[in-house]
Every structure is written in structure tokens, then in C-alpha cells.
Amino acid sequence: MADKPSIPAEGVVKDVPPPPPPRSAGNPVFRMMGMPNFRFKLPSRNWLIFLSVTGSFTTAVLYDRFQKKRAQQRWCNIVSHIAREPLPTTQMPRKITIFLSAPPGDTIRAAREHFHEYVKPVLAAAAIDWDVIEGRREGDVRAGLAEKIRKRRRKVGETSAISDETKSLEESEDLVQTLRGTSGVKDWEGVQGDLVLGRHTWKEYVRGLHEGWLGPLDLPPDTAEPSNPKNHASLISSEQSSAADNTSQTSDNIAKSDPLSASADPAKPPSDSPQAAPKKEEKPKAPVQIPPYISTSAYPSAPIAPTIPD
């Protein structure tokens, strides 16, 4: 007979393992949306590398922007008292001149972005108006500043042998200033200044100052004249006329050598001839740059203009 299972005696308790805990049902919101039960666990090695790299880069960018805004706000608070100063109704607002030029090997867009990002908020906080002189090529800032100084010298009474066309152009540019003077509106009488952005711009700015206050008001005769667009246009027209003459001569030679082609209608082009190529659009020409009125070697011996401000 098979052995019967032993029955424990009364008062003896056998060790029974506890039942497993009930599985968590998860977030009820996720459960109602049909999403699985997410369990938090340590990311894998690849995820840790990805998160550390992206997190470090994002933190560096945010820290840089925070520090930039902090420094910008500091300078805005320093000059904000200027905007709260009262200004008479018969006086123009404060104005400075800003000089920008394209860095070597780059366009002027980089200088503009630098100005709009770092300089413009400070000027706006101080309620200061500004004029901008931009140099797209090397020498534009020098030529612009020197011409501005020469106009100022002519305006205060220095004699110059400028043409009537240039004189009328300067008078038309000063029309607004004349109307303000007749209305009793004056310019800002306080401290003014120039703001130069960039080392290359500063180099041209210093040359423009020397050329404007040390150089003559008229272009010296020994200085190379800038290329005249009218001469360029006449040169193009002469080239076109010579090309047309060459074409007519070529057609006459062909007609003499081939009488059949000469008997044909010259106004009707042959069917096998290719169509005329479309004309290319001409690009706008760059403005002529004013040559320097005085060389750098003549600065020490050149006399200073008598109308230079103290």
C-alpha cells in the first residue's frame, strides 16, 4: 500500500511563503489614455552619452545668452538716466555717428548683426539717435568721413572751386537743415561723438580724419580721377558700333562669295540657323569711390584747416 501523507500534529505551523504583492496598476490617466505602464529605470550607455552631450551644449548656450542679457541690462541701466532728461521742443534729440565696415574677407552683414545685437539696445535705452556710415569696400569709410568734413569746412566759409552741380547737390541735401533753422529748431548742443565698430573701421576712420582736416577741399590735379560712368558708356557704344560694322562687312563678304545666299531674302533668317541667345541682364555697377586727396606721407607737413573745432 502507498504511504499516506503525514498529517502535521496540532499546534505545529508549517512555513508558507507570503503571496506576491499585487502588481501596480500604474497611473490611471495613462491607463485611460491607453498608454502602457511606464517603469522608471536607468538609461542605457548610448542614451547616457547622448543626453550628456546635448545637455552640456544646451546649458552652454543658455548660460551664454543669460550672461549676455545680464551685461546688456547693466549697460542699459547705466545710460537710462539720459532718456529721462527733459528735452526742449525746439531742439533736436541727441545724435551720434556710427561707422561700420565689412571685415576683411567678409560682408557687411556680420558688422550689422554685431551692431543690432550688442550696440542698438544700449542706444535705444539712452534715447539716442544715430547716423550710420557704412563701408562695403575697403576705403569707403575713409572717403565718406573725409567728404563729410570737407562739406562742413565749405559750409563754415572756406573757399572751394567746386562745380555748380556739386554745389546745388549740397544745397539740396541741406534743405531740411535750412527749414529747421528758419523754424527755430536747433541741433543738440551737448556732447556728441562717433562710435567706431571694428579695428579695420578704426584704421579708416583715423585716415578719414587726417584727410578731411589736413587735405585740400578740391581734388589735386595730380590725383587719379575716378572712372566716369559716361566715359564708360561712350566706350561701350563705340565698341558696339565697331562690332556692327564688322558684322556688316562679314555679311557683304559672304554675299560676294555665295551669290545664291545673296539672292535669298536677307530679312528672312534661314531655318537651320540657331535662335539668337537671350541677352544677359547687366549687374548694377558699384559706386565710384573718391580717391584720397592727400597721401599719408604728407600728413606731418600738411597745414591744419583753420576752421577745425577746438
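Which backbone oxygen lies 2.8 Å from a polar atom of the side chain of Thr201? The backbone oxygen of Leu197 does. A polar contact is a pair of N or O atoms within 3.5 Å; within protein, one must be able to donate a hydrogen and the other to accept it, and residues adjacent in sequence count only if both atoms are side-chain atoms.

## Basis of the model

This is a predicted model: local features need pLDDT of at least 70, side-chain atom pairs count only at pLDDT 80 or more, and totals for chains, interfaces and linings use all residues. Residues are numbered from 1 along each chain as its sequence is written, and side-chain values use heavy atoms, with hydrogens and water left out.

## Overall fold

The protein has nine helices and three strands. Both are DSSP runs, numbered from the N terminus: helices are H or I with at least four residues, strands are E with at least two. Along the sequence the pattern reads α-α-β-α-β-α-α-α-β-α-α-α.

Of the 310 residues in the protein, 18% are buried. Buried means under 20% relative accessible area, exposed over 50%, and partly exposed in between (1.4 Å probe, protein chains only). Among contacts with a separation of 6 or more, 83% join residues 24 or more positions apart. Contact means heavy atoms within 4.5 Å.

## Strands 1 and 2

Strand 1 (residues 95-101) pairs with strand 2 (residues 129-135) in the parallel sense, over seven bridges. Pairing requires that DSSP finds at least two bridges between the strands. Ser101 has Gly135 in strand 2 as its bridge partner. Between the strands the chain passes through helix 3 (residues 109-125), and this β-α-β crossover is right-handed. In that sense, with the strands pointing away from the viewer, the path from the first strand over the helix to the second runs clockwise.

## Thr201 and its surroundings

Thr201 belongs to helix 7. Its relative accessibility is 0%, so Thr201 counts as buried. Beyond neighbours within four places in sequence, Thr201 contacts Phe99, Leu100, Ser101, Val141 and Val196.

## Aromatic pairs

A pair of aromatic rings is described by the distance of the centres and the angle of the planes. Rings of Phe, Tyr and Trp (its six-membered ring) pair if their centres lie within 6.5 Å; planes under 30 degrees apart count as stacked, over 60 as edge-to-face and the rest as tilted. This rule gives four aromatic pairs. One is Trp47 with Phe50: the centres are 5.8 Å apart and the planes stand at 85°, so the pair is edge-to-face. Both sit in helix 2, three residues apart, so about one helical turn separates Trp47 and Phe50. Phe50 is partly exposed, at 47% relative accessible area.

Trp202 and Tyr205 are stacked because their ring centres are 5.6 Å apart and their planes meet at 25°. Both lie in helix 7 (residues 199-214), three residues or about one turn apart. Tyr205 counts as buried, at 10% relative accessibility. Ring pairs also link Phe99, Trp202 and Tyr205 into a cluster.

Two arginines lie over tryptophan rings. The charged end of Arg74 sits over Trp75, 4.8 Å from the ring centre. Arg94 lies over the face of Trp188, at 4.7 Å from the ring centre. The rule asks for NZ of Lys or CZ of Arg within 6 Å of the ring centre and within 35 degrees of the ring normal.

Gln73 lies in helix 2 (residues 45-83). It is partly exposed, at 45% relative accessibility. Gln73 and Val122 are 49 residues apart in sequence, and their C-alpha atoms are 8.3 Å apart in space.
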